[in-house]
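Here are a few exercises to work through with the model open beside you. Try each one before you read the solution.

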Amino acid sequence: YRKQLNENLNNKDFMYRKALEKLDTAMGFYQTLMFEEQFQKALTGLGFIEHYMAVVTFLLNGKVYSWWRAYYDELLQLPAIPNNFAEYHKTMLSVNSVEECRNLAHLLLTCLAVLTLRISRRSVQGQRKSQNVSRKF
């Protein structure tokens, strides 16, 4: 099990695919949230989106997300995190309406999408550089 875990963590393509799968799940919650009218359900949906945002961030950084422990401090120490994540996380604690939940969910997913694209571009540029180096030899 540990061997497979280490292989997966070191496989950037695998981790990126898994991150995209989790991002897709978060987008599903967002679609549901757009039609939700009850505040408690909207807040729950926002919580799920934030949770998946953390999972995706860990995956994009090649780390394992441990749901049974407090992840927030560990997440902030990762080399690549979504812009304004700490601010949005704190804002979650003070939302008072369904509309605020929707707006914050949109902001969370937007900054996560930007991080995903940024990491994707780095990966593609890294592949191009390694292909150029191998061609020289």
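**Exercise 1.** Count the salt bridges, and work out which residues form a network.

*Solution.* Start with the rule: a side-chain nitrogen of Lys or Arg has to sit within 4 Å of a carboxyl oxygen of Asp or Glu. Going by that, you get three salt bridges. This is a predicted model, so local features need pLDDT of at least 70 and side-chain atom pairs count only at pLDDT 80 or more, while totals for chains, interfaces and linings use all residues. Residues are numbered from 1 along each chain as its sequence is written, and side-chain values use heavy atoms, with hydrogens and water left out.

Now take the pairs in turn:

- Lys18 pairs with Glu21, with 3.4 Å between the closest N and O atoms.
- Arg102 pairs with Glu37, at 3.5 Å between the closest N and O atoms.
- Glu99 pairs with Arg102, at 3.3 Å from N to O.

Put together, Glu37, Glu99 and Arg102 are linked in a network.

**Exercise 2.** Where do the partners of each pair lie along the chain?

*Solution.* Helices here are DSSP runs (H or I, at least four residues), numbered from the N terminus. Lys18 and Glu21 are three residues apart in helix 2 (residues 12-34), so about one helical turn separates them. Glu99 and Arg102 are also three residues apart, about one turn, with both in helix 6. Next comes the bridge between Arg102 and Glu37. Arg102 is in helix 6 and Glu37 is in the loop between helix 2 and helix 3, so this pair ties together parts 65 residues apart in sequence.

**Exercise 3.** Sort Arg102 and its two partners: buried, partly exposed or exposed?

*Solution.* The cut-offs are under 20% relative accessible area for buried, over 50% for exposed, and partly exposed in between (1.4 Å probe, protein chains only). Arg102 comes out at 13%, so Arg102 is buried. Glu37, at 61%, is exposed, and Glu99, at 43%, is partly exposed. Then check the surroundings of Arg102: leaving aside neighbours within four places in sequence, its contacts (heavy atoms within 4.5 Å) include Tyr30, Leu33, Met34 and Phe35.

**Exercise 4.** How do helix 3 and helix 5 run relative to each other?

*Solution.* Axes are lines fitted to C-alpha atoms over the stretch in contact, and angles run from 0 to 180 degrees between N-to-C directions. The axes of helix 3 (residues 39-60) and helix 5 (residues 85-92) come within 11 Å and cross at roughly 155°. That makes the two helices roughly antiparallel, a label for angles over 145 degrees.

Definitions and conventions. Parallel < 35°, antiparallel > 145°, perpendicular 65-115°, else oblique.
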